[in-house]
2 protein chains.
Amino acid sequence: MPTISDVARAAGVSMSTVSYVLSGRRPISAETQARVKAAIAELGYHPHAGARALASSRTSVLALVVPLRVDVSVPVIMQFVTAVVTAARTYNHDVLLLTKDEGTAGLERVAGATMVDALILMDVERDDVRIPALGRIKQPSVLIGFPDDAAGIACVDLDFAATAAECLGHLAGHGHTRIALVGPSPAVYERGTTYASRFLGGFTEASERLGLETVAHPCEPGVRGVRDCLAQIDAGLPGVSALVVHNEEALPPLLEELRGSGRRVPEDLSIVAVCPRDVAVGLPVRLTSADIPAHEVGTIAVETAMNLLDGRRTPGTRLLPPTIVERDSCATHHEEISASSG
Amino acid sequence: MPTISDVARAAGVSMSTVSYVLSGRRPISAETQARVKAAIAELGYHPHAGARALASSRTSVLALVVPLRVDVSVPVIMQFVTAVVTAARTYNHDVLLLTKDEGTAGLERVAGATMVDALILMDVERDDVRIPALGRIKQPSVLIGFPDDAAGIACVDLDFAATAAECLGHLAGHGHTRIALVGPSPAVYERGTTYASRFLGGFTEASERLGLETVAHPCEPGVRGVRDCLAQIDAGLPGVSALVVHNEEALPPLLEELRGSGRRVPEDLSIVAVCPRDVAVGLPVRLTSADIPAHEVGTIAVETAMNLLDGRRTPGTRLLPPTIVERDSCATHHEEISASSG
DNA sequence: GCCGATCGTCGAAGCGCTTCGATTGCGGCC
DNA sequence: GGCCGCAATCGAAGCGCTTCGACGATCGGC
């Protein structure tokens with residue numbers, strides 16, 4: 001492994017000149033730059049990350065804390081991860097992968113050891129124990145999600161309240177007045193993952209504002225969960241004509257169950273789902289959906305981290321506006337057609 | 001951030017003594033150890049990772065190269081990742097996440113910069129360009145998967161050939177003689193991911209050995225892919241009574257399609273799937289399956305990397321034996337019952 | 001009662017890099 | 001024509017840690 005002084009010797013300059021060519025922090029003449037770069041290429045020189053980190057206290061590594069065994073769909077998590085890693089690379093950073101179940105210890109380890117420049121945390125909970133830990137750390141951090149007290153912390157997420165309102169608005173615009181929410185599994189609410197309650201809050205609020213009749217039920221995973229949830233909905237709101245589904249995992253069994261019981265989508269029941277685009281189009285019925293903009297959220301999280309690193313102040317909170325894409329799961333509702341009761 | 005010399009001063013010893021307490025490389029008296037540890041705890045000292053890497057040329061970081069947008073199911077990838085991260089932690093290592101689409105550059109970057117101690121690569125292809133790159137790198141590496149020329153490279157994977165044989169054996173044991181393979185999507189074969197061809201090879205070989213009548217077809221993703229694949233199978237092997245499905249993503253639409261066309265599982269058609277346990281039990285019919293031991297593979301990959309780091313020679317290749325778990329998708333076949341033709 | 005081993009500890013030399021003065025030419029200005 | 005200022009480069013001082021050789025003290029053996 002050649003070192004910077006090998007390069008310097010080969011190029012006939014001093015170590016510091018090589019360093020400045022690499023960092024661009026001081027002007028170096030074009031000819032010298034060329035010689036240095038040639039030497040670097042010829043020797044196959046790579047600066048030693050540890051030495052660099054030691055001297056500059058910059059690591060070019062971002063920590064990403066991902067949830068492991070959670071109730072949120074794995075492909076969605078992976079989309080966030082992909083987005084973060086890709087965005088990080090555009091800033092010449094790599095990503096160190098931590099798991100949420102290491103809790104506070106993982107954060108303190110990588111931060112204390114100066115292994116990373118900044119941290120990005122996914123799956124933030126209402127009263128997340130990791131939030132106070134972030135205060136004890138010298139590196140900046142960005143949350144994907146939203147704790148109860150987001151004061152002074154950079155957060156990025158989809159505006160779930162607005163998304164819920166948008167879904168209801170869309171259905172109301174199609175003449176639906178009796179609408180049910182199929183929510184995430186109860187475990188998600190219990191854990192205090194706030195996207196669930198933010199969505200529910202937006203749903204309730206918009207329901208009142210629009211004068212709709214609605215019910216909301218969480219939905220356990222699996223076929224049985226879906227069946228139970230549908231039963232509760234039918235019992236609580238007879239004649240329901242549309243569903244807002246905020247639960248990716250429930251979608252396949254839900255569609256299957258509806259089909260099995262002879263309810264056609266969208267003729268008998270309209271659906272608006274909240275899910276990534278690809279799951280919306282991958283199902284038997286192409287679903288009208290509010291997109292989960294994982295890529296955008298991940299990218300913004302990294303950008304925010306970089307801004308923080310450069311000392312730029314950034315808006316504490318970024319709530320991305322929802323986008324509803326119309327597909328084949330929403331029909332216009334006419335009162336008489338579905339005047340049934342369950 | 002306190003440094004080792006702060007700790008030394010606080011404990012009234014020299015820096016080197018602190019270092020030896022931490023590393024255990026030289027004997028230090030119990031009292032001294034106690035004082036040093038107390039000082040460490042009190043000051044909240046964490047060794048600086050960069051400084052440590054510089055002085056010891058050990059980083060305590062493993063690189064993990066994951067495929068991003070591939071045709072292999074995301075949850076399965078995530079299981080490997082989880083296993084690797086968890087196992088790495090038991091060896092006090094962290095994991096740097098690289099994406100396969102960075103290709104050779106990513107490997108060279110992290111290896112050249114001495115950011116990691118060893119590399120673990122997933123989704124290895126027949127003639128993977130990354131293999132030669134590994135030779136130019138000073139760090140050891142472990143493959144999850146199997147290239148054509150595995151000579152001298154540490155590889156870990158499920159024994160897919162044996163798995164295929166086991167699946168056929170299981171079905172043959174239930175009296176089935178006309179069996180079709182629903183393979184991965186054609187893209188997987190084209191990419192040269194060898195697990196597909198190893199499975200197919202094992203399938204063909206066992207089919208002949210057992211005197212079975214079989215066909216094999218790749219299966220495109222989605223409902224249409226499944227439909228086409230089934231049509232081809234019915235045309236090519238009329239009266240087929242069992243399916244071996246080596247394609248997790250196809251399972252849900254496959255079951256749905258069968259149900260839609262009135263073919264019951266297992267009464268009319270038996271199925272053995274190759275997939276992780278949780279997808280096997282999460283479907284409408286609990287599938288008899290050959291497990292994909294992601295956790296075990298990931299763990300062994302990390303162990304192997306650690307052995308390599310410690311200079312221990314390890315068996316170049318680890319092929320894990322298959323395990324078939326019987327569930328509800330396999331029925332005993334009686335000639336007369338399914339004497340139909342398509 | 002002396003010698004060599006052994007144990008526990010210290011000091012100092014790096015590891016490879018960044019960065020902050022300092023230094024050297026040079027052209028332009030009064 | 002001397003001086004100032006700038007552009008381009010160099011030298012050296014660390015950054016925080018590991019590790020090797022050295023050293024004093026203790027101890028058993030003869």
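Predicted model: local features only at pLDDT ≥ 70, side-chain atom pairs only at ≥ 80, totals over all residues.
**Contact between chains A and B**

Chain A and chain B each bring 31 residues to their contact. On the side of chain A that touches chain B, the elements giving two or more residues are the helices α4 (49-56), α5 (74-90), α6 (103-112), α11 (222-236) and α12 (251-260), together with β2 (94-99), of chain A. That side of chain A consists of 19 nonpolar, 10 polar and two charged residues. Strand β2(A) also pairs with strand β2 (residues 94-99) of chain B; the pairing is antiparallel and has three bridges. Within this pairing, A:L97 has B:V95 of β2(B) as its bridge partner.

**Surface near DNA strand D**

Around DNA strand D there are 29 residues, of which A:S16, A:P27, B:I4, B:S16 and B:A55 come nearest. At least two residues of this surface are supplied by each of α2 (15-23) and α4 of chain A, and by each of α2 (15-23) and α4 (49-56) of chain B. Helix α2(B) provides the largest share, six residues. Divided by class, the surface near DNA strand D holds 15 nonpolar, 11 polar and three charged residues.

**Packing of α1 and α2 in chain B**

Helix α2(B) also packs with helix α1 (residues 4-11) of chain B, at an angle of about 100 degrees and with the axes 8 Å apart. The angle therefore makes α1(B) roughly perpendicular to α2(B). From α1(B), the residues B:I4, B:S5, B:V7, B:A8 and B:A11 meet B:M15, B:T17, B:V18 and B:S19 of α2(B). The residues of this contact comprise six nonpolar, three polar and no charged.

**Sheet of chain B**

Chain B contains an open sheet of six strands with mixed pairing, in the order β7-β6-β8-β9-β10-β12. Its edge strands, β7 (213-217) and β12 (324-325) of chain B, each pair on one side only. Strand β6 (residues 178-182) of chain B runs parallel to strand β8 (residues 242-245) of chain B, and four bridges join them. In this pair, B:L181 stands opposite B:V244 of β8(B).

| Helix of chain B | Strands of chain B touched | Angle with β7(B) |
|---|---|---|
| α10 (residues 194-210) | β6, β7 and β8 | about 165 degrees |
| α11 (residues 222-236) | β6 and β7 | about 155 degrees |

Note on methods. Residues numbered from 1 in each chain as written. Chains lettered and ligands numbered in written order. Contact = placed C-beta atoms within 7 Å. Nonpolar A, V, L, I, M, F, W, Y, C, P; charged D, E, K, R; others polar. Pairing = 2+ DSSP bridges. Near = placed C-beta within 6 Å. Axes fitted to C-alpha atoms, helices over the stretch in contact; angles between N-to-C directions. Parallel < 35°, antiparallel > 145°, perpendicular 65-115°, else oblique.
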